[in-house]
Amino acid sequence: MQTQEKAFIDSSREFQDELNREYANPEESPLEDKDLKEFRGLDFFEINPDYIVKAEFVRTPAESPFRMKTSTDRMPVYVKYGELYFNLKGKDFKLNLYQNQELTQDPEYFNYLFLPFTDLTNGESTYGGGRYIDFRIPESKEVILDFNKAYNPYCAYSGKYSCPIPPEENDLEIEIFAGVKAFKAY
């Protein structure tokens, strides 16, 4: 295995381990109490390097703020920050990256970007409402898009959360067998 590929796989594994630690921690977990008691770890697809792709990042300046729909009546303000162009399984795709305007005021998250998406596994092997990938503002035009780091919104685990709904332009017409699978309550 090439050193770079191994580093990406290790990074995916670290992400998944950290997510399991967070969900097992009653202080951080989105799980309902009854599910937390039985929690042994999230169900992930096997880490697959085919779902770690190079993407071209294109900044989209002068975008207008908009209110993103959520699973409740909450409507947070986002701005489309940029686009990711990539090839997966021989097909070309584009995903939009968004920046939550409230988070730009937070020193910990000022450079945080949000990548919500849906794919053809939603409602089957993955959560029906789509999944998310976290990003930081890229420092170059080439970025790594790692679908092994796709995770479910908190709404997949409890109805007490308000979760952004992936905009239609981020619907992928392909199955993404990577990241967190659908949650099955205990």
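Guide: Reading along the sequence, you get the pattern α-α-β-β-β-β-β-β-β, with 2 helices and 7 strands in the chain. Helices here are DSSP runs of H or I with at least four residues, strands are E runs of at least two, and both are numbered from the N terminus. Bear in mind that this is a predicted model, where local features need pLDDT of at least 70, side-chain atom pairs count only at pLDDT 80 or more, and totals for chains, interfaces and linings use all residues. Residues are numbered from 1 along each chain as its sequence is written, and side-chain values use heavy atoms, with hydrogens and water left out.

Now to the core itself. By nonpolar core I mean a set of buried Ala, Val, Leu, Ile, Met, Phe, Trp, Tyr and Cys residues joined through side-chain atoms within 4.5 Å. Buried is under 20% relative accessible area, exposed is over 50%, and partly exposed is in between (1.4 Å probe, protein chains only). The largest such core has 24 residues, and F86, L145 and F147 touch the most other members. At least two core residues come from each of β1 (52-59), β3 (77-88), β4 (91-100), β5 (112-117), β6 (131-136) and β7 (142-146). β3 gives the largest share, 4 residues.

Zoom in on F86. Contact means heavy atoms within 4.5 Å. Skipping neighbours within four places in sequence, F86 is in contact with V53, K54, A55, K91, D92, F93, K94, L95, L145, F147 and L172. Apart from this core lies another one, of 19 residues, including Y23, L31, L42 and Y98. In soluble globular proteins, nonpolar side chains tend to be buried together.

Two loops are worth a glance as well. K89, in the loop between β3 and β4, has a phi near 55°, a positive value in a residue other than glycine. A62 sits in the loop between β1 and β2 (66-67); its phi is near 65°, also positive in a non-glycine residue. A62 counts as exposed, at 82% relative accessibility.

Among contacts between residues at least 6 apart in sequence, 63% join residues at least 24 apart. The C-alpha trace spans about 45 × 45 × 35 Å along its principal axes.
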